[in-house]
Amino acid sequence: MNLDPAEVKPSITRLKRARGQIDAVIRMLESGEECESAVTQLAAAAKAIDRAGYSIIATGLKQCYREEGPEGLDAEKMEKLFLSLS
């Protein structure tokens, strides 16, 4: 299933923000900044990536349900996608 870019725009925005946070962590580590700040930024980036993943899966579920109805959903595949994020 291909996702509509307009429907996943919030996830794209979240991932771009996470990319910026990861770049900041790299700069912090390269310049020898405080560990606590780097870890805080890294945790924020990880959470943003996780939330984007869950949002993408939810969008795919909604789209599949609209297009194919409940019988078109592959429950096993969806379960694997969700578990891959844990």
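This is a predicted model: local features need pLDDT of at least 70, side-chain atom pairs count only at pLDDT 80 or more; totals for chains, interfaces and linings use all residues.
Residues are numbered from 1 along each chain as its sequence is written, and side-chain values use heavy atoms, leaving out hydrogens and water.

**Overall layout**

- The protein has three helices and zero strands; helices (H or I, at least four residues) and strands (E, at least two) are DSSP runs, numbered from the N terminus.
- Reading from the N terminus, the order is α-α-α.
- The radius of gyration is 17 Å, while a compact globule of 86 residues would come in near 12 Å; the radius is taken over C-alpha atoms, and the globule rule is 2.2 Å times the number of residues to the power 0.38.
- Along the principal axes, the C-alpha atoms fill a box of roughly 55 × 25 × 15 Å.

- Of the 86 residues, 22% count as buried.
- The accessible surface is about 6200 Å², and carbon and sulfur atoms account for 57% of that; such areas come from the Shrake-Rupley method with a 1.4 Å probe, and for residues only the protein chains shown count as cover.
- Take contacts (heavy atoms within 4.5 Å) between residues at least 6 apart in sequence: 67% of them join residues at least 24 apart.

- S11 sits in helix α1, and setting aside neighbours within four places in sequence, S11 is in contact with A52, S55 and I56.
- Q63 belongs to helix α2 and is buried too, with a relative accessible area of 6%.
- Not counting residues up to four places away in sequence, Q63 touches M1, N2, L3, D4 and E7.

**The nonpolar patch**

- M1, L3, L15, I22, I26, L42, I49 and I56 make a nonpolar surface patch of about 620 Å².
- The elements giving two or more residues to this patch are α1 (9-30) and α2 (35-68).
- Patches use residues with over 30% relative accessible area and no salt bridge, joining like charges within 9 Å and nonpolar side chains (Val, Leu, Ile, Met, Phe, Trp, Tyr) within 5 Å; a salt bridge is a side-chain nitrogen of Lys or Arg within 4 Å of a carboxyl oxygen of Asp or Glu.
- L3 is found in the segment before α1 and is partly exposed, at 31% relative accessible area.

Key:
Buried means under 20% relative accessible area, exposed over 50%, partly exposed in between (1.4 Å probe, protein chains only).
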